Amino acid sequence: MISIFPVIIVLIAVVIFASIFTVKQQTSAIVERFGKFNAIRQSGLRFKIPLIDRIAGRLSLKIQQLDVIIETKTLDDVFVKLKVSVQYKVIYDKVYDAFYKLDYPHDQITSYVFDVVRAEVPKMKLDDVFVKKDDIAIAVKSELNDAMSDYGFDIIKTLVTDIDPDAQVKESMNRINASEREKIAAQFEGDAQRILIVERAKAEAESKRLQGQGIADQRREIARGLEESVEVLNKVGINSQEASALIVVTQHYDTLQSIGQETNSNLILLPNSPQAGSQMLNDMVASFTASNQIGEAMKNAKPKKID
């Protein structure tokens with residue numbers, strides 16, 4: 001009896017340890033009895049009958065992610081690879097369906113993702129695939145929810161996380177983008193040059209206008225001064241023709257004096273003999289007299305009658 005007692009104690013300890021098991025948080029354990037489903041045990045310290053019950057498997061109730069890479073063709077015949085991330089979890093009340101109805105849930109989800117993406121993307125052009133990637137994700141989620149809910153899985157979120165066209169297509173797109181940017185830059189540069197030319201022309205026109213106005217004002221003042229000079233000379237018995245000639249001669253000598261005062265002036269040859277002033281005065285008086293005679297003749301001329 002003394003030798004059997006330790007054996008019995010060991011056997012009892014083994015049975016106790018065999019009947020006790022633990023289930024982690026956010027995990028469900030499936031217990032079978034003689035190969036048939038018996039119960040679902042949740043997290044904590046649990047018991048089973050040794051040699052009769054066995055733990056057939058454990059399912060995580062956490063949110064899991066499956067990344068699926070699909071290669072397909074767009075409407076404009078561009079091959080593109082899409083990476084679709086599916087976030088899913090086992091429904092708490094459908095652990096039995098999730099464990100017994102599907103052997104490989106990842107393969108099932110992957111098949112549905114392939115089916116939906118290859119049905120949606122060929123309807124779109126490459127640019128639309130980038131713009132409407134959220135629509136693709138929504139279509140995948142809707143299809144998966146309808147199919148996987150019967151198997152005990154809840155699709156939390158689907159995301160199109162990457163769109164990778166063929167390398168040659170990406171290079172072409174980059175060249176197109178660079179060309180568009182160069183075109184826009186050239187347009188802006190052309191607009192800037194045009195604005196600069198227009199503003200420069202406006203400034204030049206304004207400068208010419210002000211310059212012309214200044215010359216007109218100058219000539220107006222000169223004319224007014226000449227008129228006053230003629231009036232003064234008329235008062236002392238000098239007629240208008242002689243007064244005009246005298247003023248021109250005076251301006252001639254003033255000009256010579258001004259040139260002589262300039263130290264850096266170039267050499268200018270002008271007639272400056274003693275008879276030059278008298279000759280210039282006589283020529284101008286004769287010119288004014290001839291001009292007046294021609295004017296009077298034209299006024300007195302009468303048009304001939306036509307018979």
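The model is predicted, so local features are given only at pLDDT of at least 70 and side-chain atom pairs only at pLDDT 80 or more, while totals for chains, interfaces and linings use all residues. Residues are numbered from 1 along each chain as its sequence is written, and side-chain values use heavy atoms, with hydrogens and water left out.

We begin with the sheet. Strands of a sheet pair through backbone hydrogen bonds, either parallel or antiparallel. Here three strands form an open sheet in the order β6-β7-β8, with antiparallel pairing; strands (E, at least two residues) and helices (H or I, at least four) are DSSP runs numbered from the N terminus, and two strands pair if DSSP finds at least two bridges between them. At the edges lie β6 (64-73) and β8 (153-165), each of which pairs on one side only. Between β6 and β7 (residues 79-90) there are ten bridges, and Val 68 stands opposite Val 84 in β7.

Two helices accompany these strands. Helix α3 (residues 105-120) packs on the sheet and touches β6, β7 and β8, where contact means heavy atoms within 4.5 Å. The direction of α3 makes about 35 degrees with that of β6, the angles running from 0 to 180 degrees between N-to-C directions of axes fitted to C-alpha atoms, for helices over the stretch in contact. Helix α5 (residues 133-148) lies across β7 and β8, running at about 145 degrees to β8.

Within strand β8 we find Thr 158, which is buried, with a relative accessible area of 3%; buried means under 20%, exposed over 50%, and partly exposed in between, with a 1.4 Å probe and protein chains only. Leaving aside neighbours within four places in sequence, Thr 158 is in contact with several residues, including Ser 85, Val 86 and Leu 144. The side chain of Thr 158 also reaches the backbone oxygen of Ala 137 at 2.5 Å.

Elsewhere, a search of the whole structure finds five aromatic pairs, that is, rings of Phe, Tyr and Trp (its six-membered ring) with centres within 6.5 Å, counted as stacked when the planes are under 30 degrees apart, edge-to-face over 60, and tilted for the rest. One of them joins Phe 37 and Tyr 96 edge-to-face, at 4.9 Å centre to centre and 70 degrees between the planes. This pair links distant parts of the chain, with Phe 37 in strand β3 (residues 36-41) and Tyr 96 in helix α2 (residues 95-100), 59 residues apart. Phe 37 is partly exposed at 30% relative accessibility, and Tyr 96 is partly exposed at 38%. Phe 37, Tyr 96, Phe 99 and Tyr 100 form one aromatic cluster.

Technical notes. Polar contact = N/O pair within 3.5 Å; in protein donor to acceptor, adjacent residues only side chain to side chain.
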